[in-house]
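Have the sequence and the model open side by side. We will go through a recorded site, a loop residue and a pair of helices.

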Amino acid sequence: MSEETAARGRELTSTNGAVPGEPVKKDENSRRGNWGNQIEFVLTSVGYAVGLGNVWRFPYLCYRNGGGAFMLPYFIMLVFCGIPLFFLELSFGQFASLGCLGVWKISPMFKGVGYGMMVVSTYIGIYYNVVICIAFYYFFMSMTKLLPWTYCNNPWNTPDCSGVVSSSHQLNASLANATTSLVAGVSEVVNRTKRTSPSEEYWKHYVLNISDDIGNFGEVRLPILGCLAVSWCVVFLCLIRGVKSSGKVVYFTATFPYLVLTILFIRGITLDGAINGIKYYLTPQWQKVLDAKVWGDAASQIFYSLGCAWGGLITMASYNKFHNNCFRDSIIISITNCATSVYAGFVIFSILGFMAHHLNVPVSEVADHGPGLAFVAYPEALTLLPISPLWSLLFFFMLILLGLGTQFCLLETLVTAIVDEIGTDWIIRNKTVVTLSVAVVGFLLGVPLTTQAGIYWLLLMDNYAASFSLVIISCIMCICVMYVYGHRNYFKDVEMMLGFPPPLFFKVCWRFISPVIISFILIFTVIQYKPITYNDYVYPGWSLAIGFAMALSSVVCIPVYALYKISRSPGATFRERLKFACKSHPKWGPALQEHRTGRYAPMASEDTVEARPLKEKEELKEELKEEEKEKERKDEISLTIQGSNGSTNTHNNPNPSA
């Protein structure tokens, strides 16, 4: 038995283990797979954290909350909440090499947190791909000599439409002529009670053909449906081999947006009025630093933009090699994400400043956030640029890539959770089938969002599906790891994995500061709650009830599963069952045997990975002693056979190599 075990151990080490001082050519975890290299993991995580919110939410929050003064609470929240939580989730997933469900072997009663993460990722994955598909649609519509939202002389325009470029100059006007015509039309624009731009009417009446109520679905917008199919196909093809294929794609999808941002930035700062836009973006209003709302917005933006509690960070880190320095990665990725937000603000506000200059209105009147910025304000600004279709192509291509980087991780989170939970060899070999199934279901669930009422449902999901529920999930995760599993145990786990303990600052943040900030975000979210609206449309009460139901559907997983686990746990009293349900599963710890050292060290038996109790150790020693005695007895018998060359003895010996 001992020889066979040793042989298996050597085979396992040669296949999965890393020989010190030599480059690792194969996956460390051959059954599950690893990233091709650390660059792929970092780029994927950057693509996951850097998304559409960096372009359409951060700049808006910055100018609304005191411009440059907003940077102070923003970076404070990054240091005390963002980076610590990011490091916690990366180390959590990397240590166990499991997705957002499997990691809860750390305390099985809290597995509902993992299910909550899956529910959140499902909601976000459904509507996020619809936003990407609309960006695809605008990208395709930009492949023309004249952007279709430039003028007000289209069948979908209303009498209230007032373009920044006069339609009378459509046939022969250059940008200079169009700009001159603006001056004559400024008084008309200003005198209107409400100016409706061609880009806004193109968005509402042509792209969406929006209905008058969230309950009035109308017809499916076939062009949007087609783009949704294209978007899901792209996501599936990029994930067809899991992290092996997505890790290669991110070399492009995670880096090219920075090239586009740089091109747009260089173009933007050379435009008239761009400096005014940047000044408006950065000018600090220090009195707002004392406003609790500013700190709440800063904490919320850090929390949501980094993707905490979505399950994606745990999933991506689970494909790392065990001794990867995820501490370094968490700092690099978090700072890159926040720096991208600041950089995108310069790009956006240089263009908006240019637009405000031509309209002769304040920057605040052309600034917007969310879909209003991406598909109304910015496209309108693009019509004022020379060779506007080119800039439009670049802008929407950037949005597509930013969205895809996040969508890859959302889909991989769901697929990994399903595969890890079932865990059979068949499901691991046929992971592509699971990926295809999740993509098809995601496409079908996204079809209602392509109807005439789709934008109402999209915004409802965006505002409720991943709002306060994420805060609750993250807070409970911190409590479980630090106080149920035990902070000392977790610090030892991190030290065993990285070779050094977490810095004192992170220990303090994990135990005290970050949970307090998360609680502050939750309280702030509740106090500042306002019913959702879309322009002048006020959502009816029944739709808000659906929104709250979506938000609670992820949170309710936590107590429901906890009660289920307690009821199924052994014990005579509730306290005993509760204690057993909170206790770590015997298989909790590093996935590979060569990494299970110290308190995770396996014993000689190959059919177990957990450390045996003392009683079993003694029994195992007795078994080994009996084997040795039996071997010695047979050796003595063989010596009594005269004239034998040992062949008979060898034939009868079950362990000839001994």
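In which helix is asparagine 54 found? Asparagine 54 is found in helix H3, residues 52–56. Helices here are DSSP runs of H or I with at least four residues, strands are E runs of at least two, and both are numbered from the N terminus.

A word on the model itself. It is predicted: local features need pLDDT of at least 70, side-chain atom pairs count only at pLDDT 80 or more, and totals for chains, interfaces and linings use all residues. Residues are numbered from 1 along each chain as its sequence is written, and side-chain values use heavy atoms, with hydrogens and water left out.

Back to asparagine 54. It is buried, with a relative accessible area of 2%. Buried means under 20% relative accessible area, exposed means over 50%, and partly exposed lies in between (1.4 Å probe, protein chains only). Leave aside neighbours within four places in sequence, and asparagine 54 is in contact with Ala49, Pro59, Asn337, Thr340, Ser341 and Ala344. Contact means heavy atoms within 4.5 Å.

An unreviewed UniProt entry lists Gly47, Val50, Asn54, Ser305, Asn337 and Leu402 under "binding site". UniProt positions follow the numbering used here, feature names are shortened, and annotations may be inferred rather than shown by experiment.

Take leucine 402 next. Its helix is H17, residues 388–422. Leucine 402 is buried too, at a relative accessible area of 7%. Not counting residues up to four places away in sequence, leucine 402 touches Gly47, Val50, Gly51, Leu52, Val55 and Pro257.

Now turn to a loop. Serine 97 sits between helix H5 (71–96) and helix H6 (111–141). At 10% relative accessibility, serine 97 counts as buried. Beyond four places in sequence, serine 97 is in contact with Asn29, Arg32, Ser318 and Ala591.

Last, the helix pair. The axes of H9 (residues 222–238) and H19 (residues 431–446) come within 10 Å and cross at roughly 160°. H9 and H19 are therefore roughly antiparallel to each other, a term for angles over 145 degrees. Among the residues making the contact are Leu225, Trp232 and Phe236 of H9, and Leu436, Ala439 and Phe443 of H19. The contact residues divide into eight nonpolar, four polar and no charged. Nonpolar covers Ala, Val, Leu, Ile, Met, Phe, Trp, Tyr, Cys and Pro; charged covers Asp, Glu, Lys and Arg; the others, Gly among them, are polar.

Conventions:
Axes are lines fitted to C-alpha atoms, for helices over the stretch in contact, and angles run from 0 to 180 degrees between N-to-C directions. Angles under 35 degrees count as roughly parallel, over 145 as roughly antiparallel, 65 to 115 as roughly perpendicular and the rest as oblique.
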